[in-house]
Each structure stands twice: as structure tokens, then as C-alpha cells.
Amino acid sequence: MTLSPVFRSQKAVRLLADRGVWERLAPDMEAQADAVRRLHADFEATIGEEFRGKASHVPSASEVGTPAGLHFLQEYFFLILFRSIFGSLGVPQARLQTYTELNFCIKGTITAADNLFDDQAKSLLPLADHAGSRFMSILQLMSFERLLRAVLDRATDAGVIDRTDIAPIQRSLMDRMASIGVLEGSEEGGVDAVPTPAEMVEAVHRVRGGSLFALALAAPSVLEDGAMASKMEQAEAAVARLGTAFQIVDDLTDFEFDVGRRSHNLLVAQIRHEGTPEERAALGPMWESGTVPSGVVEDVFRGSARAVLELAYAEARAAFTSLSDLGHWFDPTLADEVVHAIVGLEGVSRMEALTARS
């Protein structure tokens with residue numbers, strides 16, 4: 001899983017607009033857009049022109065209500081939210097800029113790595129179109145390694161961090177990413193054992209989703225001290241719970257893909273351990289064959305899917321309540337709507353079906 005584009009349904013977009021969320025996020029969106037533009041400029045100095053393509057338009061805050069602005073908000077919603085959280089905690093502007101740039105590099109690194117695991121070709125850099133999606137992902141990985149160092153060097157030159165902070169930040173990020181990678185690597189040949197839902201949430205979702213989101217706190221965990229460090233620890237726990245909720249929802253929308261490659265999936269665990277006899281009987285042939293008929297989640301497995309959705313609600317509610325306690329403005333009563341909306345295009349219809357009244 002990556003920090004994927006979210007809020008794809010028109011209903012979710014209207015709700016967040018009506019509740020003032022987009023307006024509140026506008027300054028952080030512009031700051032994130034500035035960070036993307038800055039890193040794209042760094043990219044020009046990182047690699048030859050023959051490997052670069054034309055960068056896509058990066059919108060300004062005044063474009064929040066336009067298609068370009070909405071696309072950027074969908075693509076970078078979680079990074080924008082992370083910046084908003086840091087700002088609400090009182091992080092100084094210069095350091096906030098560094099965190100914003102670092103988080104773009106983290107998202108790009110994770111996206112490139114995820115491409116290699118899942119045979120995809122998503123990119124956050126204006127790379128020229130060359131043959132070989134794996135090569136392009138490797139090139140993106142190497143580029144983001146250099147861009148991340150450029151961010152740290154820039155922060156050092158500006159006096160935002162000390163040069164002695166660079167190695168600990170890099171080590172923190174490497175250790176955290178490696179821990180997530182160990183889980184991903186363990187599934188390369190498929191899995192045979194299916195843990196209980198509770199066991200899977202703790203061993204899988206708090207790593208694949210929770211630890212992924214908590215990467216945004218890697219640099220603050222090194223740099224902040226005193227009262228701010230305590231706030232950051234609380235924020236990290238909340239952000240990790242939000243990431244866990246995102247991964248739980250991701251399992252609902254990726255059910256067919258996960259069964260096909262026999263990887264961990266919470267809906268599979270829910271059916272296997274707590275589903276009805278009819279659900280367990282239906283799952284058996286699908287798990288063995290790796291083939292899932294269309295519409296089976298919404299129809300045959302609806303009861304178990306709704307139970308999984310309830311787990312996501314609980315994590316998101318706890319996350320936003322904790323952030324509210326820290327002084328962030330996001331209304332915790334919107335937690336369930338966020339859970340419904342943190343899906344890609346392919347998950348919108350499934351979420352609408354699962355949340356519709358029977």
C-alpha cells in the first residue's frame with residue numbers, strides 16, 4: 001500500500017467542501033505544492049535532461065476548487081494533512097518546510113518500492129518515458145534517495161537542522177522502511193497461514209498501514225525535544241492509527257488482488273475465523289484458485305466485509321479524537337466519512353454498496 005490518491009467520490013468531495021475541510025487545508029496544500037515544485041527543480045540538477053520529462057502543473061492555493069486543485073488534494077491529501085498537524089502543534093515555519101519536503105520524498109520512495117512489489121509504474125517525478133517499468137521504478141528510487149539528501153543539506157545550510165542530525169534522520173527512515181519491507185518481502189511467495197483478525201491487525205496492518213503513515217514522524221522523532229517531542233509522540237500514535245484504518249479499507253478494495261497473490265488480507269481472516277459457514281464455504285475455492293468472481297464482496301461476503309469496516313471506523317475515530325485532543329481542527333465526527341472516502345476510484349462503488357442500508 002502507498003499513500004494513494006483518496007476522496008475520489010463526488011459525495012466525499014462535496015461533504016468535505018461543505019464542512020470547510022478543503023478551505024482549511026488550502027494553505028497547507030499550497031505549501032505542499034511549493035515543496036513539490038522545489039523538489040522538481042532539485043530533480044533537474046540530479047539527472048540529465050534525456051531522462052527527464054515535462055513536469056505536470058502543480059496548482060496554487062487559489063486553485064483548490066478547480067479540477068487541478070482537487071486532483072492535487074486527492075493525490076497528496078495525507079501529506080497535506082500531516083503538514084496541517086505539524087503546524088497545529090506549533091512547529092516553526094522553516095522546520096515545517098523541511099518536513100513537508102521530506103514527506104514528498106518519502107511518498108515518492110514508497111511509491112517506487114511499491115511499484116516493484118506490485119508490478120506497477122506510478123511516478124511522482126517528471127521522468128522521461130523509457131522502456132521497462134521496473135527500470136523506471138529503480139530510477140525513481142535512486143532519484144528520491146538523492147533528493148532526500150538535498151532536502152537535508154538545504155535545511156542544514158539554512159540552519160534549520162545541524163549537520164549531525166542528518167545521519168540519525170536517515171537511519172530512522174531506513175530502519176522504519178526496512179521494517180515495512182520485511183513484511184512485504186515475507187509475502188512474495190504467498191502466505192499459507194491466516195491469522196485471526198485481531199492478530200492480523202497487530203502484525204500486518206499496524207506495520208503496512210500504521211508504520212507507513214508514521215514515516216512522516218521519522219524526522220520529528222529525531223529533531224524535536226521537550227514538550228514538542230511529547231506532542232509528536234502522541235501525534236505519531238494517532239497518525240499510525242489512521243494509517244491502520246487506511247490499510248483495513250485497502251484490504252476491502254484489494255480483496256481480489258490479495259487473494260490472487262495469496263497475501264495477507266483482513267477480509268480473508270474475518271471470513272476464515274469469524275464468518276458464517278456459507279462465507280467460509282465460498283471462500284475455500286477462491287483461496288485455492290486465486291480467482292474471485294465479480295461482486296462477491298458486496299454480495300456473498302457482505303456480513304464479514306461490514307465487520308471489517310467497523311474495525312476501520314474504530315481506528316479512524318480514535319485517530320481523529322487524539323488529534324483533536326492535541327488541538328488539531330479536524331472534526332472527529334467526520335471519521336466515518338473519511339473511512340468511506342479513503343479509497344481509489346476502483347473502491348468507490350464497493351464502499352457505497354457496503355455502506356448502503358440493507
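This is a predicted model: local features need pLDDT of at least 70, side-chain atom pairs count only at pLDDT 80 or more; totals for chains, interfaces and linings use all residues.
Modeller: Side-chain atom pairs count only at pLDDT 80 or more, totals for chains, interfaces and linings use all residues, and side-chain values use heavy atoms, without hydrogens and water.

Colleague: Why is α4 called roughly parallel to α6?

Modeller: The axes of α4 (residues 93-118) and α6 (residues 166-186) cross at roughly 20° and come within 12 Å. Angles under 35 degrees count as roughly parallel, over 145 as roughly antiparallel, 65 to 115 as roughly perpendicular and the rest as oblique. So α4 is roughly parallel to α6.

Colleague: Which residues of α4 and α6 meet?

Modeller: From α4 come Ile106, Thr109, Ile110 and Phe117; from α6 come Leu173, Met177, Gly181, Glu184 and Gly185. Contact means heavy atoms within 4.5 Å. By class, the contact of α4 with α6 has 5 nonpolar, 3 polar and 1 charged residues. Ala, Val, Leu, Ile, Met, Phe, Trp, Tyr, Cys and Pro count as nonpolar, Asp, Glu, Lys and Arg as charged, and the others, Gly among them, as polar.

Colleague: What makes α3 and α4 roughly parallel or roughly antiparallel?

Modeller: Helix α3 (residues 67-89) packs on α4 at about 155°, with the axes 10 Å apart. That angle makes α3 roughly antiparallel to α4. The α3 side of the contact includes Tyr76, Leu79 and Phe82, and the α4 side includes Leu96, Tyr99 and Phe104. The contact of α3 with α4 divides into 7 nonpolar, 4 polar and 3 charged residues.

Colleague: How do you know that the span of α12 is close to the expected one?

Modeller: Helix α12 (residues 277-289) has 13 residues and reaches 19 Å from its first C-alpha to its last, against 18 Å expected at 1.5 Å a residue. The expected span is 1.5 Å times one less than the number of residues.

Colleague: Which residues of α12 are buried?

Modeller: Glu279, Leu283, Met286 and Trp287 are buried. The buried residues of α12 pack against α10 (255-261), α11 (266-274) and α13 (302-325).

How values were computed
Residues are numbered from 1 along each chain as its sequence is written. Axes are lines fitted to C-alpha atoms, for helices over the stretch in contact, and angles run from 0 to 180 degrees between N-to-C directions. Helices (H or I, at least four residues) and strands (E, at least two) are DSSP runs, numbered from the N terminus. Buried means under 20% relative accessible area, exposed over 50%, partly exposed in between (1.4 Å probe, protein chains only).
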